Amino acid sequence: MEIRPITKYQATIGAPPDKSITHRALMFNAIARGRAVINNALTGNDCMSTVECMRRLGAEIIIGGDGRITVTGADLWRRKSSGRREAVMLDAGNSGTTMRLTAGALAGTDGTYIIDGDASLRTRPMRRITEPLGRMGADIASDNGRAPLKVTGAPLKAIEYDCPVASAQVKSAVLLAGLQADGVTVFREPVKSRDHTERMLSKMGAAISVDENAVRVARSDLTPVDVTVCGDISGAAYPLVLAASVPGSRVTVKNTGINPTRSGILDILERCGARICYDNETVGGAEPSADITLEFGALKPFVAEGEIIPRIIDEIPALAVLACFIEGESVVRDAAELKVKESDRILTVTSMLRALGADITPTQDGMVIRGKGFLEGGGVVDAGLDHRIAMSAAIAMAASRRGGTLIGGEICAVSYPGFFREVLSL
Ligand code: S3P
């Protein structure tokens, strides 16, 4: 796919529906007993992996037009397997969220399941969930800490867990297991990760309480809840960075989620001096959202480290693109988690930007980008199985002097099926 340079970027678009929230709305309602409607659900490939897994587990899921999905739950935590012995096969595709949350959801049930995924997901670390779930009494076998996972439901007991990494997927897996366990499970994390699970479980009547970086849960049934999903700030990041990189640009991304545990990219853009305004702020259901408008202006370089990292973790590839268009040295550190995403993003961001003429050095836990205020472009980038590398490369090429050639761009359907049409009019 050839991506040509653009001279200025002026657009009003809707962000794609939030991937993290859609996964949770599908899965938690599939666990519950009763019916719920999800409006503006993301129907990208990752969320469809969750749909297929939940259907195999007995939920009835009807996908209507316009992102309306009806879920009739399987009452998963009370159902008996009626002596069935063969394992239920679940395919999580490219989706770490599907695999890790499903493992937690099934840990205390009556049945045996094998959860597998694609070549990218099979390389990603699963010990971070098998270890705490194992301490709760779960029986989960893995291939040396990787997928496929074999989960055999077992009685669970509560634990107090100090998680070494800030990870919403680990947190969610432990909380879902905690809802099936005897006693009160306490999960603490070093820095607060996205809190969509806590917000939604609380709406569903779960016994859950949050105190800064600690979450407590006790055995609960889930009541179905209708959810209207807001736009995904991780998808909105691409048009926002494109407008911030190309002189004369102005973009509005409507109805974008601005949950503080996700909105670090907006803080960084503002710190760099970007002109951003927020209209139509609302709290629909449990999640805040707004229309975000950004106008091009000269920016200063940034340092991203510490507490902000979990709040920008999926946006770092896009921020690395932005750094190339800012004169001076921008730095990302404390972000070793980048190595275990859909690709090793320290390496794939570096090679993607180098192919387009950037001066970037990878480090143990991040990267240093010496921005020149422009990117030459003209190179070829293969996105592999990483949707965020595909979309970051596409905006980098569009904002560059010579454009570029993108291989494997179709992987963006994982989180943003309309990306090329809606963002780049291709
Ligand atoms: C997600 C959590 C994050 C994020 C991923 C989605 C979620 O992963 O990178 O894209 O929906 O919980 P970690 O929990 O591994 O940090």
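## Pockets and ring pairs in a predicted model

Helix H1 (19-31), helix H3 (96-106), helix H5 (168-178), helix H9 (309-312) and helix H12 (387-399) each contribute at least two residues to the lining of the largest pocket, where helices (H or I, at least four residues) and strands (E, at least two) are DSSP runs numbered from the N terminus. This is a predicted model, in which local features need pLDDT of at least 70 and side-chain atom pairs count only at pLDDT 80 or more, while totals for chains, interfaces and linings use all residues. Residues are numbered from 1 along each chain as its sequence is written, and side-chain values use heavy atoms, with hydrogens and water left out.

A pocket is an open set of points on a 1 Å grid over the protein atoms alone, where a 1.4 Å probe fits and protein lies on both sides within 12 Å along at least five of seven lines; its lining residues have an atom within 4 Å of a point. A volume is the space filled by probe spheres set on the points. The table sets out the two pockets.

| Pocket | Volume | Lining residues | Nearest its centre |
|---|---|---|---|
| Largest | about 560 Å³ | 39 residues | Ala-166, Arg-194, Ile-313, Asp-314 and Lys-341 |

In the largest pocket, H1 gives the largest share of the lining, 4 residues, and the lining divides into 11 nonpolar, 11 polar and 17 charged residues. Here Ala, Val, Leu, Ile, Met, Phe, Trp, Tyr, Cys and Pro count as nonpolar, Asp, Glu, Lys and Arg as charged, and the others, Gly among them, as polar. The lining of the second largest pocket has 7 nonpolar, 7 polar and 4 charged residues, and strand E17 (250-257) and helix H13 (419-424) each supply at least two residues of that lining.

The whole structure holds 4 aromatic pairs, meaning rings of Phe, Tyr and Trp (its six-membered ring) whose centres lie within 6.5 Å, with planes under 30 degrees apart called stacked, over 60 edge-to-face and the rest tilted. The ring centres of Tyr-238 and Phe-419 are 5.9 Å apart and their planes stand at 85 degrees, so this pair is edge-to-face. Because Tyr-238 lies in helix H7 (residues 233-245) and Phe-419 in helix H13, the pair ties together parts that are 181 residues apart in sequence. Phe-419 also forms an edge-to-face pair with Phe-420, at 5.0 Å centre to centre and 80 degrees between the planes.
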